[in-house]
Each structure stands twice: as C-alpha cells, then as structure tokens.
Amino acid sequence: MQQVAVITLGIGDLEASARFYGEGFGWAPVFRNPEIIFYQMNGFVLATWLVQNLQEDVGVAVTSRPGSMALAHNVRAETEVAPLMERLVAAGGQLLRPADAPPHGGLRGYVADPDGHIWEIAFNPVWPIGADGSVTFAAK
C-alpha cells in the first residue's frame with residue numbers, strides 16, 4: 001500500500017505559521033498546543049511543529065533549504081489560482097513565482113510560507129479533484 005500518514009513541517013514561529021495556513025488557505029486545526037498544530041487533510045495529517053522540538057525528536061540537526069522540495073495545493077478552476085496566492089501572501093507568505101501557464105497546460109504559481117516551505121498553487125485540467133479534495137493522477 002502506498003500511503004503517507006503525516007507530513008511535518010519544521011517552523012520557527014507558530015503564530016506566523018497559523019496565520020498563513022488559517023487565513024491564507026482557510027484551514028482549521030484539529031489540534032493545537034504551544035508547540036505544534038495539526039491539520040486534518042484528505043487522507044493524511046499536516047503538522048507544523050516548532051523546529052527545535054522537531055530537532056529534539058529526530059535527534060539530529062534539522063535543516064531545510066528553500067527549493068529542496070515543494071508541496072502542491074490544486075484548485076478546481078483556473079480562476080482560483082491567483083486569488084488564493086494573493087490570500088497566502090496577505091497572510092504572511094512570499095510570492096516566489098506569479099501564476100502562469102506551464103508547458104503541460106493549466107495554471108500554476110509558487111508561494112513560500114513564513115518558514116520558506118514552497119507551495120505550488122495549481123489548476124491542472126487533466127487531474128480530477130474528488131468531492132473530498134483528493135487529486136487523481138491522470139497522464140495526457
């Protein structure tokens with residue numbers, strides 16, 4: 001079985017992160033304490049955890065370099081890409097690449113959260129989105 005249970009992002013400021021994910025994406029936490037916030041996603045949990053706690057739990061220095069990975073959030077319509085990116089920037093994100101059309105079609109742009117985690121905001125006309133928000137890979 002191919003499955004991901006939790007994706008944990010190391011963060012420096014819990015409040016700045018909460019603002020980005022809450023006001024920007026509109027996500028509501030399912031659990032929050034002074035160190036970590038959990039968001040129930042469609043089929044997995046996204047955690048934002050203070051990096052010092054993540055380092056302590058892992059037992060080694062945790063470092064991240066902007067650009068070493070990207071997460072994606074797909075939307076149902078091309079017209080949803082730019083407004084969502086604008087909300088994310090207004091909620092403390094940084095615009096990395098304005099929305100434009102990639103070679104494979106659709107529309108996408110990139111925003112970084114307050115800790116530099118890169119998010120692609122995308123509309124892909126050949127990847128259907130289910131009622132629960134799940135995306136299905138479909139090759140052209």
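In helix α1 (residues 14-25), the residues Arg19, Phe20, Glu23, Gly24 and Phe25 meet Leu84, Arg87, Leu88 and Ala90 of helix α3, where contact means heavy atoms within 4.5 Å. The residues of this contact divide into 5 nonpolar, 1 polar and 3 charged; here Ala, Val, Leu, Ile, Met, Phe, Trp, Tyr, Cys and Pro count as nonpolar, Asp, Glu, Lys and Arg as charged, and the others, Gly among them, as polar.

This is a predicted model, in which local features need pLDDT of at least 70 and side-chain atom pairs count only at pLDDT 80 or more, while totals for chains, interfaces and linings use all residues. Residues are numbered from 1 along each chain as its sequence is written, and side-chain values use heavy atoms, with hydrogens and water left out.

The axes of α1 and α3 (residues 81-90) come within 8 Å and cross at roughly 150°, axes being lines fitted to C-alpha atoms, for helices over the stretch in contact, with angles from 0 to 180 degrees between N-to-C directions. That makes α1 roughly antiparallel to α3, a term for angles over 145 degrees. Helices (H or I, at least four residues) and strands (E, at least two) are DSSP runs, numbered from the N terminus.

An open sheet of 4 strands has the order β1-β4-β3-β2 with mixed pairing, two strands being paired if DSSP finds at least two bridges between them. Its edge strands, β1 (6-11) and β2 (31-32), each pair on one side only. Helix α1 packs on this sheet, touching β1, β2, β3 (36-40) and β4, and its direction makes about 15° with that of β3. Helix α2 (residues 51-58) also packs on the sheet, where α2 touches β1 and β4 and its direction makes about 100° with that of β4.

| Strand pair | Bridges | Sense |
|---|---|---|
| β1 and β4 (residues 45-50) | 6 bridges | parallel |
| β6 (residues 94-100) and β7 | 4 bridges | antiparallel |
| β7 and β8 (residues 118-123) | 6 bridges | antiparallel |

Within these pairs, isoleucine 11 stands opposite leucine 50 in β4, aspartate 100 stands opposite arginine 108 in β7, and valine 111 stands opposite tryptophan 119 in β8. Strand β7 (residues 107-112) is mostly covered, with 5 of its 6 residues buried, that is, under 20% relative accessible area with a 1.4 Å probe and protein chains only. The hairpin of β6 and β7 has 6 residues between the strands, and glycine 105 there takes a positive phi near 105°; in the hairpin of β7 and β8, with 5 residues between the strands, glycine 116 takes a positive phi near 90°.

Conventions
Buried < 20%, exposed > 50% of the residue type's maximum accessible area, 1.4 Å probe, protein only. Parallel < 35°, antiparallel > 145°, perpendicular 65-115°, else oblique.
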